[in-house]
Amino acid sequence: MGGQNPFLKSTTAGKPTKPYTITFLPDGVKVGVKPNEVPYSRDGLPGSVLEIALGHGVQIDHACGGVNACSTCHVIVREGFESMPSATEDEEDQLDNARGLTPTSRLACQAVPDGSRDVVVEIPSWNRNMVREDNH
Ligand code: FES
């Protein structure tokens, strides 16, 4: 799965326009994002926090495959919140179901930084997917 949910209004989020870094807490994995390298994976909107995380080996739960139909990819944006377009009403509806909601909570699959700031996101412990499958 991946991409956009055909039952929801499309978002105005675009890919980043400038290179920036995104740091994933609590492990502190720092990734450099270059606009011409997006997308990195098939899950979430192109350039989304989820897509970048998965493309760099950082695991975040994403039960619906990144189409704004669950809240398992909930992350807390610690820095660079203003570099992402506001959450849509549909994203806010899903966030209402998220555990540990904060004023800077976002769905990782829907939050697309524009590259104007470096970003730091915290993956809540209950959303970290510790299981990793090897390639077969
Ligand atoms: S993975 Fe389901 S809403 Fe993001």
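These legends describe close-up views of a predicted model.

**View 1. Ser105 sits in a strand and is buried.** Ser105 belongs to strand E4, which covers residues 105-107. Its relative accessible area is 6%. Ser105 counts as buried because that value falls under 20%.

**View 2. The side chain of Ser105 has polar partners.** One is the side chain of His74, in a polar contact of 2.7 Å. Another polar atom pair involves the backbone of Thr102. The backbone nitrogen of Thr102 lies 2.7 Å from a polar atom of the Ser105 side chain.

**View 3. Ser105 touches residues from other parts of the sequence.** Residues up to four places away in sequence are left aside here. The residues touched are His74, Val75, Ile76, Phe81, Leu95 and Gly100. His74 is also the polar partner at 2.7 Å.

View 4. Helix H2 (89-95) supplies at least two of the lining residues, and so does strand E4.

**View 5. Arg99 places its charge over the ring of Trp126.** The charged end of Arg99 sits 4.2 Å from the centre of that ring. As for pairs between aromatic rings, the structure holds zero.

How values were computed
Residues numbered from 1 in each chain as written. Predicted model: local features only at pLDDT ≥ 70, side-chain atom pairs only at ≥ 80, totals over all residues. Heavy atoms only, no water. Helix = DSSP H or I, 4+ residues; strand = E, 2+ residues; numbered from the N terminus. Buried < 20%, exposed > 50% of the residue type's maximum accessible area, 1.4 Å probe, protein only. Polar contact = N/O pair within 3.5 Å; in protein donor to acceptor, adjacent residues only side chain to side chain. Contact = heavy atoms within 4.5 Å. Phe/Tyr/Trp six-rings, centres within 6.5 Å; stacked < 30°, edge-to-face > 60°. Lys NZ or Arg CZ within 6 Å of the ring centre and 35° of its normal.
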